[in-house]
Amino acid sequence: MVDISKRACGHKSSLKDQFGRTATYLRLSVTDRCDLRCTYCMAENMTFLPRKDVLSLEELYRLATVFIDQGIRKIRLTGGEPLVRKNVMSLIENLSRHLETGELDELTLTTNGTLLARYAGQLASYGVKRVNVSLDTLNPERYRAVTRWGRIEKVINGLDAAQAAGLRVKVNAVAQKGDFETEVDELIRFAHGRGMDLTFIEEMPLGGGAASRHASFLSLADLRRDLEERWAIVPLTDTTGGPAKYVRLKETGGRLGFITPMSCDFCAACNRVRLSCTGQLYTCMGQDSCVDLREALRGSNGNEATTQLIRAAVFDKPKSHEFEVKNDQIIGIDRAMSTLGG
Ligand code: SAM
Ligand code: SF4
């Protein structure tokens, strides 16, 4: 394990790409496995990766430290479901030491919330200040249908525990045509009533079968127009550096976010890179290309080769993603969301 006391005062590099953007944010997928099977994310009979292909927690930590040395300031764990990874708390504990040294500004995670009741206290004790929890509906039956077998009480208990532990919670909901549209006001009242931001995500054409998604695809531009008929929406200029555009609702005082990868271009300000649990570095979620870091990592005790691969990959980061809505079809890429975690 790296002695971080020697690292804290060292000069940090920065990860610049050819278009002048700097990568400061790493989304680290710690597993492709999940305890749910959301219909827009995974097939019901998913085949998961062989364990030998998945990086160990020690390897994930070592890779994360290479990114931190290269100027990454924020790490978000994702998956699959990050909290189903055995001993994931040991990784979080190790990463949390970089919060203490000031090398990291933020350590956070995106979770489906089913295991939050068990882990919220520990997360808070390791310096995690906020979490994103995915919840598309408050209707237990629809929750079960969307997740194929999930029980909503577990998520609600998770939200309770997270808030009791002092974590700030943002709820993420994938917008879809149909029931979602009739339930959206209830979701808003629920989230804002508990002091939580709520962000809508436009469904992305990942994981093959992209064309068939057109039936469920709900443009957030349409959703926003619909909300404007019932809610007083005040646009906000604050940004999290991510693709979400925020508004405030006068009635609730709460914030709503809109993540619209299909409708507008957020690539010009993109500061993020993504690492799969097998060590594939994706500098753009909307492209298929990636760079394998696992071989370099496993091939040497030193980090020089891995560092060079990362720097070269970030330099080559594409200018923008390649999602497209064309002739009533969504043109996507052939990779499940769960391999990278969104
Ligand atoms: N399991 C965790 C969860 O559900 O929050 C983390 C991983 S999940 C892949 C990350 C986010 O991606 C979730 O908010 C989920 O709703 C979203 N997501 C999954 N598939 C999607 C898709 N096809 N389009 C848009 N968002 C998607
Ligand atoms: Fe699992 Fe999250 Fe994908 Fe749902 S969205 S199947 S919870 S990884």
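Colleague: Before we look at the sheet, what does it take for two strands to pair?

Modeller: Two strands pair if DSSP finds at least two bridges between them. Please keep in mind that this is a predicted model.

Colleague: In what order do the strands of the open sheet run?

Modeller: The order is β9-β10-β11-β8-β7-β6-β5-β4-β3-β12-β13-β14, which makes twelve strands with mixed pairing. The edge strands, each pairing on one side only, are β9 (233-235) and β14 (291-292).

Colleague: Let us take β5. Why is it described as largely enclosed by the rest of the structure?

Modeller: Strand β5 covers residues 106-111, and six of its six residues are buried, so the rest of the structure largely encloses it. Buried here means under 20% relative accessible area.

Colleague: How many bridges join β4 to β5, and do they run parallel or antiparallel?

Modeller: There are four bridges between β4 (residues 74-78) and β5, and the two strands run parallel. Within this pairing, leucine 77 has leucine 109 of β5 as its bridge partner. Together with helix α2 (residues 88-100), β4 and β5 make a right-handed β-α-β unit.

Colleague: And what about β5 and β6?

Modeller: Strand β6 (residues 130-134) pairs with β5 over three bridges, in the parallel sense. The chain passes from β5 to β6 through helix α3 (residues 116-125), and this β-α-β crossover is right-handed. One bridge pair is threonine 110 with asparagine 132 of β6.

Colleague: Where does the sheet have an antiparallel pair?

Modeller: Strands β12 (residues 272-275) and β13 (residues 280-282) run antiparallel and are joined by two bridges. Leucine 275 stands opposite leucine 281 of β13.

Colleague: Turning to ligand 1, which residues come nearest?

Modeller: Tyr40, Gly80, Glu81, Ser134 and Met204 come nearest, out of 19 residues around ligand 1. By class, the shell holds six nonpolar, nine polar and four charged residues. Strands β5, β7 (168-175) and β8 (197-202) each supply at least two residues of that shell.

Colleague: Which backbone atoms lie 3.0 Å from a nitrogen atom of ligand 1?

Modeller: For tyrosine 40, a backbone N or O atom lies 3.0 Å from a nitrogen atom of ligand 1. For glycine 80, a backbone N or O atom also lies 3.0 Å from a nitrogen atom of the ligand. Taken alone, ligand 1 exposes 540 Å², and the protein buries 95% of that.

Colleague: Which residues are around ligand 2?

Modeller: They are Cys34, Leu36, Arg37, Cys38, Cys41, Met42, Gly80 and Asn112. This shell has five nonpolar, two polar and one charged residues.

Colleague: One last topic: which residues have a positive phi although they are not glycines?

Modeller: Asparagine 87 is one of them, with a phi of about 65 degrees. Asparagine 87 sits in the loop between β4 and α2, and it counts as exposed because its relative accessibility is 54%. Arginine 148 is another, with a phi of about 75 degrees. Arginine 148 lies in the loop between α4 (140-147) and α5 (152-164), and at 27% relative accessibility it counts as partly exposed.

Notes
Residues numbered from 1 in each chain as written. Chains lettered and ligands numbered in written order. Predicted model: local features only at pLDDT ≥ 70, side-chain atom pairs only at ≥ 80, totals over all residues. Heavy atoms only, no water. Buried < 20%, exposed > 50% of the residue type's maximum accessible area, 1.4 Å probe, protein only. Right-handed = clockwise from strand over helix to strand, strands pointing away. Near = heavy atom within 4 Å. Nonpolar A, V, L, I, M, F, W, Y, C, P; charged D, E, K, R; others polar. Polar contact = N/O pair within 3.5 Å; in protein donor to acceptor, adjacent residues only side chain to side chain. Areas by Shrake-Rupley, 256 points an atom, 1.4 Å probe, with all protein chains shown as cover.
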